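Here is a friendly walk through the aromatic rings of a predicted model. Have the sequence and structure open as you read.

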Amino acid sequence: MGSISETAAGMGYSKPLGIQFLECIRRRKLSYKAYQAIVLIVTFLAYTSYHAARKATSVVKSALDPQSSDIGTGLKFPFRISYVHEPAENKKFSWVLKDGWAPFNGSDGTALLGDLDLAFLSVYAVGMYFSGHLGDRLNLRIFLTVGMLGTGLFTSFFGVGYWANIHSFYYYLIVQMLAGLFQSTGWPSVVAVVGNWFGKKKRGLIMGIWNAHTSVGNITGSLVASAMLSYGWGWSFVVPGLIVAFIGVMVFLLLPVSPDSVGVDKEEDELHFTKKSGDEEVTEPLLRSDPEHEEKAVGFIEAWKIPGVATFALCLFFAKLVAYTFLYWLPFYIANTAIEGKYLSSKAAGNLSTLFDVGGMVGGILAGQISDSLDARAITAASFMYCAIPALFFYRCYGHVSLALNIALMFITGMFVNGPYALITTAVSADLGTHSSLEGNSRALATVTAIIDGTGSVGAAIGPVLTGYISEKSWSAVFTMLMAAALIAGLLLTRLVVAEVATKISERRSQGGSISRSSEPDV
């Protein structure tokens, strides 16, 4: 292993210790495809753990602030309702469903929980802009590792409030703000790393599948937090926090930031490994750096001026407002909405809410595949946002009729709400981060990603806090707000949709003209 390290040092790059260990065991260098597989797996797990930690708050809300006294049902897989009585040995945890936790169990408890969401997401959104700026200038592996360790620490600190018997609202507020700051390092980093290793062809499909980490993380977070509730709500935060920290160590040991950072070259690699026909389209990296030309990182204002960045950033503002309102409030909404005349427990509501994320996973993959097939990102995103409007309406109006109908409508709503959100934050961000106006500059991807997702995160902060206040009066008003946001998100893309339609018509006419000319007989 020493010889590998010495060789790396001599070539001017430094491989992560885990990569050196793998090559020592294999006794040969890893192939380009092996690096790609490591990148996909490690970044997938990294952002899955981020979302799992983020989901804990939404699951625990209904335990901290129980609003319904008629909670007497449990929900287990497969999804069916069963009426349960609390075992005697669980009486010591009766607060989980009955008493709540001060200061969140008072008359203003729902609003205080909304304030926590606002604090977390506001700091997250502001931090995102700085993280993207720093990410294009620092070692992304170290930057992401620090972010994950900090996220794990402060997520766990929120849960420590349970055992320390802390009832100060400001303790939880400060902890959430610090957790949001460290979480903001995640998205610009993982998108930039994936963008360094994968090419433009089939980008929507590849990133749509990869972006399933959002839904997988939400599902994992819901299931873990729900399972831990019976042992005390503190565990619902500590366990996800430990998971994030563990995967942060994995990132430090294994993540190769770019081909240059580990001294691997695709063309040279193909001399030693068999190449399948057609792989060039997928494996060619988005960005190539010229070793003789030191690239300068793109400035924040300059990145805003890239065509399409501002439009998609504003669209994501409203799309993420809808998506994050569901992320933070869906389990609470389910627990406080009678389905077939009965209320579900906090654990049951958390389990049921995972189906929204299953739908979101399908929606992200579909949006990526459709946008690749049509070569039309704006048309795809706008279409999904418009379809989300009736889906939201029907879920609110008919979701309470039966459990089966609730499941079906929740799945459909998740598909249309999360589809465009996933498309914009992955493939669209990568497209714009490698825009032709950058002239091949490889140091803009993290900044562009941060601008788009940071602006979206401002909407993500506003949606949940508005829900906290509006829901005290009417959940129907909340859904009206969400439908309006989905409509605005779609309308914001109108100019780009018109441009894509015009391009398609022009291409079809030119193809038709060339065919007709080729069919004319020679004179």
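Phe154 has a relative accessibility of 14%, so Phe154 counts as buried (under 20% relative accessible area; exposed is over 50% and partly exposed in between, with a 1.4 Å probe and protein chains only). Phe182, at 24%, is partly exposed. For Trp101 and Trp233, both residues are buried.

The structure holds 37 aromatic pairs. Rings of Phe, Tyr and Trp (its six-membered ring) pair if their centres lie within 6.5 Å; planes under 30 degrees apart are stacked, over 60 edge-to-face, and the rest tilted. Two of these pairs are set out here:

| Pair | Centre distance | Plane angle | Type |
|---|---|---|---|
| Trp101 and Trp233 | 5.3 Å | 80 degrees | edge-to-face |
| Phe154 and Phe182 | 5.7 Å | 20 degrees | stacked |

Phe154 belongs to helix 5 (residues 140–163) and Phe182 to helix 6 (residues 169–183), so this pair links parts of the chain 28 residues apart (helices are DSSP runs of H or I, at least four residues, strands are E runs of at least two, numbered from the N terminus).

One aromatic cluster includes Trp101, Phe104, Trp233 and Trp235 among its members.

The charged end of Arg54 sits over the ring of Tyr124, 4.8 Å from its centre, and Arg141 lies over the face of Phe252 at 5.1 Å from the ring centre. Such a contact needs NZ of Lys or CZ of Arg within 6 Å of the ring centre and within 35 degrees of the ring normal.

Residues are numbered from 1 along each chain as its sequence is written, and side-chain values use heavy atoms, without hydrogens and water. In this predicted model, local features need pLDDT of at least 70 and side-chain atom pairs 80 or more, while totals for chains, interfaces and linings use all residues.
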